[in-house]
Number of protein chains: 2
Amino acid sequence: MNRNRIIVDAMGGDNAPEEILKGAVFACKESSTLQVVFVGDEERIKKQLKKLDIKGLNFEIVDAGDVITMEDSPKTAVEAKPDASINVATRLLAEEKGSALVSAGNTGATVLSCAKNLRRIEGVERGALAAIFPAMKHKASDPGKTIMLDVGATLQCSPLQLVQFAIMGIHYARRVLEVEKPRVALLNIGEEETKGHEGLVATYSLLKKIEDTNFIGNVEGKDVLRGIADVIVCEGMVGNILLKALEGAAEMSVETGKRIWKKSLIAKLGFTLLAPKLKKVKKRLDYSEYGGAPILGFEKLIIKSHGRSKAKAIKNALLMAERSLKQDLVNSIKKDVQQYNQVLFSEYEKDMVNKLY
Amino acid sequence: MNRNRIIVDAMGGDNAPEEILKGAVFACKESSTLQVVFVGDEERIKKQLKKLDIKGLNFEIVDAGDVITMEDSPKTAVEAKPDASINVATRLLAEEKGSALVSAGNTGATVLSCAKNLRRIEGVERGALAAIFPAMKHKASDPGKTIMLDVGATLQCSPLQLVQFAIMGIHYARRVLEVEKPRVALLNIGEEETKGHEGLVATYSLLKKIEDTNFIGNVEGKDVLRGIADVIVCEGMVGNILLKALEGAAEMSVETGKRIWKKSLIAKLGFTLLAPKLKKVKKRLDYSEYGGAPILGFEKLIIKSHGRSKAKAIKNALLMAERSLKQDLVNSIKKDVQQYNQVLFSEYEKDMVNKLY
C-alpha cells in the first residue's frame, strides 16, 4: 500500500461528481506524491475526467453502483445501500487500499459507514466528528482556526472519552492545522472548575493531568468563535446543536442583509460601499479554505467536506488529508491515547472509588 | 396578600438601583393595579426614589444589607450572603409577601436562591430557566417570540422533566406572550423521531401524547431563531451553551461592524446609508422589549431580566409579571402538570418496563 493513497467519494455532495473530480485533479497537480482512488459511477467519472487535464496524474477508479443522497436517512441508507459509494469507500479503507478518505456526502452516513467498516484506534473508545472554524483573533490578518469535537458522532460521552477527544484534537491542531502548542478548553456553562454536571467536573480534573498540554479550563458558548482556544472539547449532542445554531445565525444574517438590499436604493448603495470589507469577512469565514473537518478515532483518517463543497474545498481537503498522512497523525494519536489511558484510567478509577465509598 | 404585589430586587444588575427603580416607577404608572416591594439598601432606595415622580404610587421597601454582584460565584455567594437582596427577596416570596419577583441580578444566584427558598409547584420535578428571543417569521413586521427552556437551571433532564418544561413553556407562551396555540418543538440533532440519545427519543414519544398541543417534532440548532416553533424544549446544558453562543455571535457581528467602521471613510458612508434599516433590525433584537425571561416551576413566578437592563426592560418585566399573575399562570401549570403526570407516568413506566423485559 502506498502511504499517500487517498480514497475519494466521487458521488457525495451537492456538486458531485463534477466538482469533486475537479478538486481532486487540482490537488494532484499541487502535490506530486498524492495518489487518488475515485469511488463511484465509473462511467460518469470517466466521462467527467475526460473534460479535465489529467495527463501524468496518478489515480484509479473503483466502481460503486449506488449513492447515498443528502436527503437519505443515514441509518437506513447505510444498511439498505451496501454498494453506495461511501460504503464501498470505507470498505476499501478497511482493506488497506488507501490511507485516508475524503467525502462531501451525507455526514451522518459517512460517520455510520466508518463506524460500521473501520476499526477504531486501539484504546480509543469512541469516534468523533470535528468541526473547524475560523477564530476571530486579535490580529484580523491571522484569523486562526479552532477545532471543536465532538459535533455529532458520540452524543453522550464519558469523561475518559472526552479526554481522548482532547488528545485527538491536539494532535490534529498540531500536525495538520500547524498550531504549535494548542490551547485546549472544555465547553461548559461557566468558567469555574466546579461548573457543569458531574461528568464535566470529572473531565476538567482529568484534562488538568495531561502533561505538555496547554489546558486553559472551561469556555462558554460565547467564547467558541473568539479564538481563545485552539481545541474545544464537548459532547456530540451539545456540539452538534451549537454548530448548527451558529450556521443558522450566519445564514439568517445573510438573509436579513438580502432583505434590506431589496428594499431600498439607498441601502443598495450602502452595501455597495461596504462590499470590499464584507468580502474580506466572507473570505475569512469561507469553509472552503479549510477543506473539511476530520472524523477522528479510526485507524484511517476521514475528512468530511461540506455538502456544498466546490473544487477548491475538495482540493484543500485532499491536501489536508495528505498532510495528516505525512505527519503520521493516526499513530501519534494511538501512542498518546494508550499512554494516557494507563495514567488516567487509574486516576479516574481512584477518583470514582473515593467518591463511592 | 394582594395578588398583584411584585417583589423587585432593587440591587441586582449593572444599572441598579437607579434604572431598576425608574423602571418600576414607570410600570406602576402604566398599571394602577400594580404594587411593588423594593428589596435592597433602604437608604439608597429612598434617596433615589426622591428623584422620581412617585406621587400616588403603591410601594414599600424592605431593607437588605448585602448584594450579590454579577462577578460573585453564585453557589458561594447565595450561601455566604444570606442578607443579599436576592435572598431576602426569595424569602419574602416564600412568606407570601408577594406573588412574583423581578431581578436583573446574577442569574445563577437568582436560580439558586429560588431553589433554596421556594417550593416547587406540586408535581413539577425541576425548575427551568427560560430564554425569550425574537423569532424571524415570514412577516418581518411580526417578529414573534420564541421561548426556549431550560437554558441552565437543570443541566441534565429526564424525559418527564422535559415534558414538564414543555407544559410550562406552553402556558407561558399562551398566557403571557399571547400566542394562541403555541407550536412546541424538541431541540435535537435531527428531525426524525429516532434522532438523539435515548432520553430524547423517549421525550419525543411522550410529547406526542399531550393532547391539545401543537407538537411539531424535533428542531435543530439552525431552526432556533427561525420562528418555526413558539416553545423549544431542551436540557439545560445544551440550552445554556446554545444561548450563549448566539449571544457571542451577535456581539462579534457588532464588533466586526465597528472594526470596519473605523477603517475607512467609504465604509462609514456605507453604514450611514444603511443606518435606518440596521436600526430596525436592532430594535427587533432588543431584549428590553421583552423585559426578561421567566424562571418556571416554582410556586411563584420569577422574571429574570438581563443584567444590562435599563428602565424600559424593567418596566416591561414588571408588566409581564403582572400579566402572568392576572392569567393565573402558576395554577394553570399546576393543573396541567398534575393531569399529565398521571397519564404520562403510567405510559412512561409501561414503556420502560417493556424495554427492560
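1. Which strands of chain A does helix 5 (residues 107-117) lie across? Helix 5 of chain A lies across strand 4 (100-103), strand 5, strand 10 (293-296) and strand 11 (301-304), and runs at about 170 degrees to strand 11 of chain A. Angles run from 0 to 180 degrees between N-to-C directions, with axes as lines fitted to C-alpha atoms, for helices over the stretch in contact. Helices (H or I, at least four residues) and strands (E, at least two) are DSSP runs, numbered from the N terminus. Helix 10 (residues 311-326) of chain A also packs on the sheet, where it touches strand 1 (5-9), strand 4 and strand 11 of chain A. The direction of helix 10 makes about 165 degrees with that of strand 4 of chain A.

2. On provenance: this is a predicted model, in which local features need pLDDT of at least 70, side-chain atom pairs count only at pLDDT 80 or more, and totals for chains, interfaces and linings use all residues. Residues are numbered from 1 along each chain as its sequence is written, while chains are lettered from A and ligands numbered from 1 in the order in which they are written.

3. The sheet of chain A is open and has 11 strands in the order 3-2-1-4-11-10-5-6-9-7-8, with mixed pairing. Two strands pair if DSSP finds at least two bridges between them. From one strand to the next the twist averages 25 degrees.

4. Strand 11 of chain A has two neighbours to describe. Strand 4 of chain A runs parallel to strand 11 of chain A and is joined to it by 4 bridges, with Leu101(A) opposite Ile302(A). Strand 10 of chain A pairs with strand 11 in the antiparallel sense over 3 bridges, and Pro294(A) stands opposite Ile303(A). Strands 10 and 11 of chain A form a hairpin with 4 residues between them, and Gly297(A) in the turn has a positive phi of about 110 degrees. Both faces of strand 11 of chain A are covered: Leu301(A) and Ile303(A) are buried on one side, Ile302(A) and Lys304(A) on the other. Buried means that 20 or more other C-beta atoms, placed from the backbone, lie within 10 Å of the residue's own.

5. Elsewhere in the sheet, strand 5 (residues 128-134) and strand 6 (residues 145-149) of chain A run antiparallel and are joined by 5 bridges. Met148(A) in strand 6 is the bridge partner of Ala131(A).

6. Ile167(A) lies in helix 6 (residues 159-175) of chain A. The residue is buried, with 28 other C-beta atoms within 10 Å. Leaving out residues up to four places away in sequence, Ile167(A) touches Ile333(A), Asp336(A), Val337(A) and Tyr340(A).

7. At the interface, 43 residues of chain B are in contact with 44 residues of chain A; contact requires C-beta atoms, placed from the backbone, within 7 Å. Helix 8 of chain B gives the most to the side of chain B that touches chain A, with 17 residues.

8. Chain B can be laid on chain A with an RMSD of 0.0 Å by a turn of 180 degrees and a shift of 0.0 Å along the axis. The two copies are thus related as by a two-fold rotation axis. Superposition is by least squares on the C-alpha atoms of residues with pLDDT of at least 70 in both copies. In chain B, the C-alpha of Gly270(B) is the nearest to the axis, 1.9 Å from it.

Terms used. Contact = placed C-beta atoms within 7 Å. Buried ≥ 20, exposed ≤ 12 C-beta atoms within 10 Å, placed from the backbone.
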